[in-house]
Amino acid sequence: MTNPQGTPIWYELLTDDPARIAPFYKATMDWTVAAHSDPGVTGMDYRMMERAGGGFAGGVMTLNEQMKSGGARPAWLIYFGVDDVDASTAQAQSLGASVHMPPTTMEGVGRMAMLADPQGAPFYLMRGHMEGDSDVYSGMKPGGCAWNELSSSDAPAAVEFYRALLGYGIDNFMPMGDAGKYTFIEIDGQAIGAIGPCMQRENPTAWLPYFRTAGTIGAAKQAVEANGGAVHFGPMEVPGGDWIVIGADPAGAAVGFIGTKD
């Protein structure tokens with residue numbers, strides 16, 4: 001893939017029951033979860049999640065008993081694109097990260113590693129095999145991810161970690177009073193997300209993707225509640241005029257939605 005270093009190039013939902021969460025994401029985002037595992041992925045139940053307008057929103061990995069016994073729980077994970085997975089993994093370790101899966105090549109997919117930052121938030125590093133750019137991070141385009149937010153137990157340290165590892169610009173921020181700063185992470189001057197202190201979530205030290213709906217935030221909230229999910233926060237207006245809702249899908253994975261005002 002040719003995305004700039006640090007770009008989110010894939011999103012992965014860990015869940016214990018793909019059939020259970022499929023209607024939820026159909027109702028909220030108009031995504032379709034494949035009925036069967038992708039034949040190109042061996043050794044696990046891994047399904048693609050397709051956007052209504054074509055292309056993929058991400059993948060769905062079914063948690064088996066071994067994964068769950070090792071501590072894996074329903075969650076969304078982000079794959080950050082890097083030029084050299086091995087070099088970036090080694091650099092991350094030198095910066096205090098832990099490695100959950102060492103650099104591994106998956107034929108036809110690419111090379112990847114799974115890590116956790118010094119505060120414990122899991123993420124992937126990846127160099128995709130495909131030519132061209134990944135479009136799963138779509139910014140303003142409905143159907144894809146619009147924002148990537150890290151809530152951290154030590155936000156200033158996390159800011160410096162990702163700046164050093166992925167080369168993010170970190171010059172702009174929003175003050176949050178006694179809580180500290182909400183620091184925007186930028187690629188070539190364009191904000192793709194932010195890092196801030198733990199504020200709202202029960203499992204706070206984690207990345208949270210916000211997906212842009214095609215409708216209003218009120219419709220998204222209603223779809224969450226009507227399809228087995230839970231709303232934990234919002235609707236709330238954010239700078240720029242968007243509105244957000246933070247909640248959980250039926251399996252308990254935290255997820256954010258961005259939409260227009262009702």
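Begin by selecting Trp147, Glu149, Tyr182, Val238 and Ile244, which lie nearest the centre of the second largest pocket, a site lined by 32 residues. The space in this pocket comes to about 780 Å³. On a 1 Å grid over the protein atoms alone, a pocket is an open set of points with protein on both sides within 12 Å along at least five of seven lines, where a 1.4 Å probe that fits but cannot get out would instead mark a cavity, and lining residues have an atom within 4 Å of a point. Grid points are joined across faces, edges and corners, and the volume is the space filled by probe spheres set on the points.

What is on screen is a predicted model, in which local features need pLDDT of at least 70 and side-chain atom pairs count only at pLDDT 80 or more, while totals for chains, interfaces and linings use all residues. Residues are numbered from 1 along each chain as its sequence is written, and side-chain values use heavy atoms, with hydrogens and water left out.

Colour next the elements that give two or more residues to the lining of the second largest pocket, namely E9, E11, E12, E13, E14 and E15. E12 gives the most, with six residues. The names refer to DSSP runs numbered from the N terminus, helices being H or I of at least four residues and strands being E of at least two.

Now show the whole open sheet of eight strands, whose order is E10-E11-E12-E9-E13-E16-E15-E14 and whose pairing is mixed. Strand E10 (173-175) and strand E14 (230-237) are at the edges with a single partner strand each, so one side of each has no neighbour in the sheet. From one strand to the next the twist averages 25°, where axes are lines fitted to C-alpha atoms, for helices over the stretch in contact, and angles run from 0 to 180 degrees between N-to-C directions.

Within this sheet, select residues 206-216 and 254-260: these are strands E13 and E16, which pair in the parallel sense over four bridges, two strands being counted as paired if DSSP finds at least two bridges between them. Here Phe211 stands opposite Phe257 in E16.

Helix H4 (residues 155-166) packs on the sheet, touching strand E9 (145-152), strand E11 (181-187), strand E12 (190-197) and E13, and its direction makes about 145° with that of E12; contact means heavy atoms within 4.5 Å. Helix H5 (residues 217-226) also packs on the sheet, where it touches E13, E14, strand E15 (243-248) and E16, with a direction about 175° from that of E14.

**Asp242**

Centre the view on Asp242, in the loop between E14 and E15. Is this residue buried or exposed? Asp242 counts as buried, at 16% relative accessibility, since buried means under 20% relative accessible area, exposed over 50% and partly exposed in between (1.4 Å probe, protein chains only). Its side chain makes a polar contact of 3.0 Å with that of Arg212; such a contact is a pair of N or O atoms within 3.5 Å, and within protein one must be able to donate a hydrogen and the other to accept it, with residues adjacent in sequence counting only if both atoms are side-chain atoms. Not counting residues up to four places away in sequence, Asp242 touches Arg212, Met236, Glu237, Ile258 and Gly259.

**The other sheet**

Move to the open sheet of eight strands in the order E2-E3-E4-E1-E5-E8-E7-E6, again with mixed pairing. Strand E2 (32-33) and strand E6 (98-106) stand at its edges, each with a single partner strand, so one side of each is left without a neighbour.

Select E4 (residues 56-62), which runs antiparallel to strand E3 (residues 46-50) and is joined to E3 by five bridges. In the hairpin of E3 and E4, with five residues between the strands, Gly54 takes a positive phi near 105°. E4 also runs parallel to E1, to which four bridges join it, and six of the seven residues of E4 are buried.

Helix H1 (residues 18-29) lies across strand E1 (8-15), E2, E3, E4 and strand E5 (75-81), at about 130° to E1.

**Helix H3 and Ser88**

End with helix H3 (residues 85-94), which lies across E6, strand E7 (110-116) and strand E8 (122-128) and runs at about 10° to E7. Ser88 in helix H3 is buried, with a relative accessible area of 6%, and touches Gln5, Val82, Leu125 and Leu165, not counting residues up to four places away in sequence.
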